[in-house]
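Reader: I would like a close look at a single part of this model. Please keep the account plain and connected.

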Amino acid sequence: MHAGSTTGQAPVRATAPRTAAGPGRAEAALLLPEIGRDPLSAALGLYRRYGDLVRVPLLPRHTLFLMCHPAHAEHVLVSNEANYRKAATYRPLRVFLGDGLVTSEGALWERQRRLIQPIFSHRRVSGFLPGMTAQVRGTLDGWDLLPDGALVHVSETMSRLTLNIVGEALFGADLRGAGERVSAAVTGMQDFATTAMRNPLLLPAPRLGLRTTPGYRTWRGTVEAIDAVVEQVAAERRAGGGPAGERHDLMDALLEARYEDGSAISPGQLRDEIVTFLMAGHETSATVLTWTCHLLAAHPAARRRLEEEVDGVLGGREPELADVDRLVWTKAVLSEAMRLYPPFWTLERSAVEDDEIDGVPVPAGSTVAVPPYLVHRHPAAWDNPEGFDPSRFLPGAGEGRPKHAFIPFGSGRRGCVGNVFALLETVAAVAMLAQRFRLDLAPGGVPRVQPTVTLRPRGGLRMVLRRR
Ligand code: HEM
C-alpha cells in the first residue's frame with residue numbers, strides 16, 4: 001500500500017516506483033497546439049511512441065498522464081476513484097451545466113446522484129420505450145417521403161431524433177412548441193463547449209477566458225433560451241398545469257423526488273439537471289447511432305445478420321421491452337460501434353493527492369486522461385483491435401477479458417446514469433431502421449473522426465437511402 005492514496009488502495013502493480021515514458025518539457029510544449037487542434041491524434045501519437053502510460057509535462061507545474069491500459073481505467077475510475085475529481089477540462093461545461101450531475105462534485109454530487117439514480121432505474125426507464133419507438137417511427141416516416149437512392153444526412157437526423165427522445169422523456173408533450181429553440185440552444189452549447197475545451201490556454205482561468213472567446217454572446221443567448229424553456233415548463237408543472245395525468249415524465253419525477261430530509265429539488269438545481277440530461281443524453285446516443293449506420297453499411301454480412309434477427313424477433317412489429325433481450329446481435333453491433341467509436345472518447349480526472357499507478361508516481365494536481373478510444377483498442381484485451389467484429393460481444397464471448405477493457409459508459413460511481421435509457425433508444429432505433437430501410441455508403445470513403453465533446457464523424461455523415 002502506498003502513502004498517498006486516500007482509499008488505501010494498492011497500486012495497480014506492486015513494483016518499485018518507476019519513471020513513465022514520455023516527451024520532455026520542450027517537446028511537450030510543442031505538442032500544445034496539436035492537443036488544441038486534434039487531441040485524439042495527439043493522444044494516439046503519444047501512445048504509439050511511448051506505450052500505454054505516458055507522462056506529459058504540459059505546463060511548468062502541471063503534468064498530464066495518459067493511461068490506456070484497462071487496469072489503469074479500473075484504478076482511476078473505480079478502485080481509487082475517491083482520489084480523483086473531474087479534471088479542469090470539464091470546467092467549460094460547468095459554465096452552462098452548472099452543478100448538474102456531470103459537473104458537480106463531493107457532497108452535492110452524492111446527494112444529487114442518490115436523488116436521480118432511482119429515476120433512471122430499469123423499471124422506470126422502460127416506461128419511455130413507447131415514446132422512443134414513436135419518435136423513431138416519426139423519423140422513419142420522414143424518410144419514407146424521400147425517393148429511393150436519396151442522400152440523407154444521417155448524423156443530423158440522429159441528432160434530432162435523440163434530442164426529441166430525451167426531450168420527450170424529460171418534458172413530455174410540453175417540449176413540442178419549443179423544440180426548435182431547445183435544439184438550436186443545445187447545439188450551440190455543444191459547439192461552444194468544444195471550442196473552450198480544445199483550448200488549453202483557457203484552463204487556468206476558464207471563466208475569464210470564456211468571456212473573451214468569440215461566440216460568447218451567441219452562447220449566452222442560447223443558454224438564456226434553454227433556461228427560459230426549462231423555467232416555463234417547471235413553473236407550469238409546479239402550478240399544477242401541463243398535460244398531467246397523460247404521462248409521467250422525468251420533469252415530474254424530479255419535481256416529486258425528495259431528499260432524505262424530505263425537501264424537494266430547488267429551481268436552480270432542477271435547471272442544471274435538466275440541461276445536463278439534454279446535453280449528456282443527446283449527442284452521445286446520436287453519435288453511436290451514426291457510427292453504427294456507417295459500420296453496418298461497410299460490413300454487409302453483419303447487416304444481413306442484423307436484418308435477419310430483427311425480422312425473426314419482431315416479425316414486422318415495433319420493439320417492446322421483452323424483445324430487447326432477444327436482439328442479441330443488434331446489441332452486439334451497438335457495443336462494437338461504441339468500442340470503436342466511444343462517444344466520450346476521453347475521460348479526464350485530476351488527482352487530489354499523490355498516487356501511484358502501475359509503479360509510476362502521479363503527483364497531486366496532475367491530470368489523468370483515460371481515453372476509452374485507446375483502452376478499447378488495447379492489445380492486451382482485444383484481438384485485431386481495429387477490426388469490426390460484433391461477435392466479441394455475443395453472450396459468453398468476452399470471458400477472460402478484463403472488465404475495464406470496455407468502458408463506453410465510464411465506470412464506478414461516476415459511471416453513466418442514463419445507460420439503460422441509451423440502450424433502449426439505440427436498440428429501438430437500429431432495429432426499426434433495419435425493418436424498413438438499408439443505408440448504403442455514399443461516395444467519399446471512410447469518415448474521419450472529429451474529437452469534439454463527443455466523437456463525431458468530421459463534416460457529418462451522409463448516406464444513400466434504400467427501401468428494403
Ligand atoms: C450511448 C449513449 C451514452 C454514452 C456512451 C454515455 C457515456 C457516459 C460516460 C462515459 C459518462 C461518464 C463521464 C465521466 O466519467 O467523466 C456518462 C455520465 C453521465 N451520463 Fe451518459 N452516456 C450516454 C447516454 C446518456 C443518456 C441517455 C443520459 C440521460 C438521459 C446520460 C446521462 C449521464 C449523466 C447525468 C452522467 C453523469 C453521471 C454522474 O457523474 O453521476 N447519458 N455518460
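Which residue is the bridge partner of phenylalanine 65 in strand 8?

Author: In strand 8, phenylalanine 65 has valine 368 as its bridge partner. Before the rest, the basis: this is a predicted model, in which local features need pLDDT of at least 70 and side-chain atom pairs count only at pLDDT 80 or more, while totals for chains, interfaces and linings use all residues. Residues are numbered from 1 along each chain as its sequence is written, and side-chain values use heavy atoms, with hydrogens and water left out.

Strands here are DSSP runs of E with at least two residues, helices are runs of H or I with at least four, and both are numbered from the N terminus. Two strands pair if DSSP finds at least two bridges between them. Strand 2 covers residues 62–67, and five of its six residues are buried (under 20% relative accessible area; exposed is over 50% and partly exposed in between, with a 1.4 Å probe and protein chains only).

Strand 2 has strand 1 (residues 53–59) as an antiparallel partner, joined by six bridges. One of the paired positions is leucine 66 in strand 2, the bridge partner of valine 54. Besides the pair of phenylalanine 65 and valine 368, leucine 64 stands opposite threonine 367 of strand 8.

These strands belong to an open sheet of five strands, in the order 1-2-8-5-3 and with mixed pairing. Strand 1 and strand 3 (84–86) are the edges: each has a single partner strand, so one side of each is left without a neighbour in the sheet. From one strand to the next the twist averages 30° (axes are lines fitted to C-alpha atoms, for helices over the stretch in contact, and angles between N-to-C directions run from 0 to 180 degrees).

Now the ligand. Its iron atom has a single donor from the protein, SG of Cys416, at 2.3 Å (donors are N, O and S atoms within 2.8 Å of the metal, or 3.2 Å for Na, K and Ca; water is not among the atoms, so sites may look incomplete). Cysteine 416 sits in the loop between helix 18 (372–375) and helix 19 (419–436). The ligand is surrounded by 29 residues, of which the closest are Tyr90, Trp109, Arg113, Arg349 and Cys416 (a residue is near if one of its heavy atoms lies within 4 Å). By type, the shell divides into 18 nonpolar, six polar and five charged residues (Ala, Val, Leu, Ile, Met, Phe, Trp, Tyr, Cys and Pro count as nonpolar, Asp, Glu, Lys and Arg as charged, and the others, Gly among them, as polar).

A polar side-chain atom of tryptophan 109 is 2.7 Å from an oxygen atom of the ligand, and one of arginine 414 is 2.9 Å from an oxygen atom of the ligand. For leucine 101, a polar backbone atom is 3.2 Å from a ligand oxygen. The elements giving two or more residues to the shell are helix 5 (106–116), helix 13 (267–280), helix 14 (283–298), strand 5 (347–351) and helix 19.

Notes:
Polar contact = N/O pair within 3.5 Å; in protein donor to acceptor, adjacent residues only side chain to side chain.
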